[in-house]
Amino acid sequence: MDEKQKLRNAEALAAEEAARLEAAYGELEAGDVIRLSAERFAADGGVATVSSFGADSAVLLHLVSQVDPSLPVAFLDTGHHFGETLEYRDQLAADLGLENLVIVHPEEAALERHDPDNLLYKVDTDLCCEIRKVEPMARAVEPYAAWFTGRKRHQAQTRAQMPVFEAVGPRIRINPLARWTTQDQADYMRAHGLRKNPLVQFGYLSIGCFPCTQPVKPGEDPRSGRWAGQAKTECGIHLPQLERSLTSAA
């Protein structure tokens, strides 16, 4: 069997397993989804969490820490993060006792070839995100059978029908907080006394790289501060670009 056929088989198996898990466990509470998933994938490559340590990252990370603080937590260090986000990452990881923080950087060769002066975001935001987020994301999750995200259905129209378990190439992406509302998030943060990203108090309600993130006014869509003035609404790590990167890396 050639490598392409092996990959197709792996993708088909992932799709079948994601559908099975969704049907059986898609309505479970978030903590139960995390616990079940950690057990289910332990022998198949394990499961990681990918976190931006942004405005609403603390809830998922707290839930993960309650199940197993040694589970890997991958952070994509794009080189364009706010200093506050980097400090928050380290502080929150310490608060929660996270034991396996994995920092993933863009490939130096890609930066030298496409963004030697760190100004690519001004002329081609899609390529900038591809180099600094999508390709590193593919490398971050490549060692694992599955990974957790903090995505929620209310965040964007493109996420409105998002399942809890979904296949991405030969792996499974798990969205334990898919059904959570903004109020659910706030209530959980308050109940558990979780540290907030300090940028939230200045109106940054969806936090990415500093050149492409702006504060939003009260009542505005929290994601409207991302790539303001552009049609772009996603960096690509949750879109088909990632599947292509995962496929090429397999």
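The largest nonpolar core of this predicted model comprises 39 residues, a nonpolar core being a set of buried Ala, Val, Leu, Ile, Met, Phe, Trp, Tyr and Cys residues joined through side-chain atoms within 4.5 Å. Buried denotes under 20% relative accessible area (1.4 Å probe, protein chains only). Phe-41, Val-47, Val-59, Leu-63, Phe-148, Ile-172 and Ile-174 have the most contacts inside this core. Two or more residues each are contributed by α1 (3-25), α2 (30-40), α3 (58-67), β2 (73-76), α4 (83-96), β4 (146-148), β6 (171-174) and α7 (182-191); the greatest contribution, six residues, comes from α3. With residues up to four places away in sequence excluded, Ile-174 touches Val-33, Ser-37, Phe-41, Val-47, Ala-146, Trp-147, Phe-148, Thr-149, Val-164 and Phe-165 (contact: heavy atoms within 4.5 Å). A second, separate core of nine residues includes Ala-74, Leu-76, Val-104 and Ala-140.

The chain contains eight helices and six strands, arranged from the N terminus as α-α-β-α-β-α-β-α-α-β-β-β-α-α. These elements are DSSP runs numbered from the N terminus (helices: H or I, at least four residues; strands: E, at least two). Of the 250 residues, 48% are buried. Among contacts with a separation of 6 or more, 71% link residues 24 or more positions apart. The accessible surface is about 12,200 Å², with 51% belonging to carbon and sulfur atoms (Shrake-Rupley method, 1.4 Å probe).

Residues are numbered from 1 along each chain as its sequence is written, and side-chain values use heavy atoms, with hydrogens and water left out. In this predicted model, local features require pLDDT of at least 70 and side-chain atom pairs count only at pLDDT 80 or more, whereas totals for chains, interfaces and linings use all residues.

Technical notes. Buried < 20%, exposed > 50% of the residue type's maximum accessible area, 1.4 Å probe, protein only.
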